[in-house]
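Please keep the model open while reading.

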Amino acid sequence: MAEETYEQIVKEILSAPRFKEVPSVVNMNRYLKWLGHPEKDFWIIHVAGTNGKGSTCAFLESILRMMGYKTGLFTSPHLVSIRERIQIDRENTDRDALIRAYQKIGKVRKESGYGPLTFFEQILVIALLIFQEKKVDYAVIEAGMGGRSDATNALTPVLSIVTAVGMDHMEYLGETLEEIAGEKAGIMKEGVPCILVDHQKEVTSVFLSEAEKKAVNLCLLPKDCFKILKNNGKVIDFSVENRYYRNSTLTVQSRGLYQAENGAVAATAAKILFPEISDSIIRKALFQAFWPGRMEEVAEGVVLDGAHNEPSIQAFMESVRGDSKTGKNRILVFAVAADKDYQAMAEELLSQQDFRTVILTTIPYERIEDPAKLRPVFEIYETASVYTEASMEKACEMAFSMKEKEDIVYFAGSLYFIGSLEQYLKGDENDDRF
């Protein structure tokens, strides 16, 4: 298949509308029925929530693969290549498989007369077709925004997982925590067990009510069900203790304290699915798992984190403050989408003297806020010197010129920003943006 043909297809996928009036779950059901329900050829684990979804998916996929299963992994957004969203045994899907799936969708639309799929619907159907073609045993599917009408809600899993629920996507999911929880609770299916990371009583009460209506075994995981035992800046040792699983010797390779919770959720999910699974498999799988762009140290004293909303900024700052390699000074380079509550994010970042310098920047992406608009919001706190630099590359140069040997430069904000940094800082010779 010619390179140009593949690139054109990807451009067509990326240019598809993000939203439309017909609910995604309705659209998905139409297409999946016409395609003969490819999603029924493998077992699905469905993961929703506000933050931690992708990492939890990665940990759980690693456990399944360690058990000997062939795995499919569907996550979003991608950092560099769209093929990151669809992985087989943790490898990006091949281009020809994506082309074949895309052509099948085009054939369905032509034969059925159905309207076009949105971008997310389209990439999800492509993933399901590829998982069917590659004959995976299990597919770990990350929800989009995760509401009742989310495209992934057309799927029936063997287990649902909801990570911590917080305030995000309010324009679509609701303006209060209870309203957002009500939409997230839509992930639950009749008789399918569901794990909920139980952080807030307002959320839990909504899920308990929905679980009762649908006869769902709701497995609540309280915040104190895991404990961090040791953090040396490279790996985190932690224990898990809840009604489903106990283990005192688990380890993840990460600087992010929040990854201990995500690992604990994945380990518990594996134990619920496979009661006889050995501790050694869970231990090895969690240690080997990796998820880029989350407190990822890409060079000595250079850390990337996709903290893109208020809850994830809170988790990011907990990790920054708990980082054993404190350095002499901390420098922050930050870019954020315009629709996020960056005033609350600025308060979390700068209310204490955690950073000596903040550099606000942007990337060529329509949703990223102008750093000139961010600057007055950040300068209110007077705890750090604040600069603006419209060029991401020049912002990097500025940060590195200020960095002394023991300092740490943190890059945080939009995942699209982190993806651009992954490519720029790692010097991807293949330039595989597709």
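The points below go from the sheet to the helices, then to single residues.

1. The model is predicted. Please read every point with that in mind.

2. **The sheet.** Start with an open sheet of eight strands. Its order is β4-β3-β2-β5-β1-β6-β7-β8, and the pairing is mixed. The edges are β4 (91-92) and β8 (218-222), each of which pairs on one side only.

3. Look at β1 (residues 43-48) and β6 (residues 159-162). They pair in the parallel sense, over four bridges. Val 47 stands opposite Ile 161 of β6.

4. **Helices across the sheet.** Helix α8 (residues 201-214) lies across β6, β7 (194-198) and β8. Its direction is at about 165 degrees to β8. Helix α9 (residues 258-273) lies across β1, β6, β7 and β8. Here the angle is about 155 degrees, taken to β7.

5. **Helix α10.** Which residues of α10 (residues 279-288) are buried? They are Ile 282, Ala 285 and Leu 286. Seen down the axis of α10, the buried residues fall within an arc of 95 degrees, so they line one face of the helix. They pack against α3 (53-66), β10 (236-241), β11 (246-252) and α9.

6. **Helix α11.** This helix has 13 residues (310-322). At 1.5 Å a residue it should span 18 Å, and its end C-alpha atoms are 18 Å apart, which agrees. Its buried residues are Ser 312, Ile 313, Phe 316, Met 317, Ser 319 and Val 320. They cover an arc of only 160 degrees around the axis, so they sit on the same side of α11. Their cover includes α9, β13 (302-305), β14 (330-335), α12 (342-350) and β17.

7. **Gly 413.** This glycine is in strand β17 (residues 408-413). Its relative accessibility is 0%, so Gly 413 counts as buried. Which residues does it touch, leaving aside neighbours within four places in sequence? The contacts are Asp 305, Gly 306, Ala 307, His 308, Phe 334, Ala 335 and Ile 418. Ile 368 is 45 residues away along the chain, and the two C-alpha atoms are separated by 9.8 Å.

8. **Glu 422.** Buried or exposed? Glu 422 has 6% relative accessibility, so it counts as buried. Its place is in helix α15 (residues 415-426). A polar atom of its side chain lies 3.4 Å from the backbone nitrogen of Gly 293. Leaving aside neighbours within four places in sequence, Glu 422 is in contact with Leu 79, Val 80, Pro 292, Gly 293, Glu 296 and Leu 304.

9. **Backbone points to check.** Most residues other than glycine have a negative phi, and most peptide bonds are trans. A cis peptide bond joins Ser 76 and Pro 77, with omega about -10 degrees. Pro 77 is in the loop between β2 (71-74) and β3 (86-88).

10. **Positive phi.** Arg 90 has a phi near 75 degrees. This residue is in the loop between β3 and β4. Arg 90 is partly exposed, with a relative accessible area of 22%. Ala 215 has a positive phi of about 55 degrees, although it is not a glycine. Ala 215 is in the loop between α8 and β8. With a relative accessible area of 58%, Ala 215 is exposed.

Technical notes:
Residues numbered from 1 in each chain as written. Predicted model: local features only at pLDDT ≥ 70, side-chain atom pairs only at ≥ 80, totals over all residues. Heavy atoms only, no water. Pairing = 2+ DSSP bridges. Helix = DSSP H or I, 4+ residues; strand = E, 2+ residues; numbered from the N terminus. Contact = heavy atoms within 4.5 Å. Axes fitted to C-alpha atoms, helices over the stretch in contact; angles between N-to-C directions. Buried < 20%, exposed > 50% of the residue type's maximum accessible area, 1.4 Å probe, protein only. Arc of directions from axis to C-beta. Polar contact = N/O pair within 3.5 Å; in protein donor to acceptor, adjacent residues only side chain to side chain. Expected span 1.5 Å × (residues − 1).
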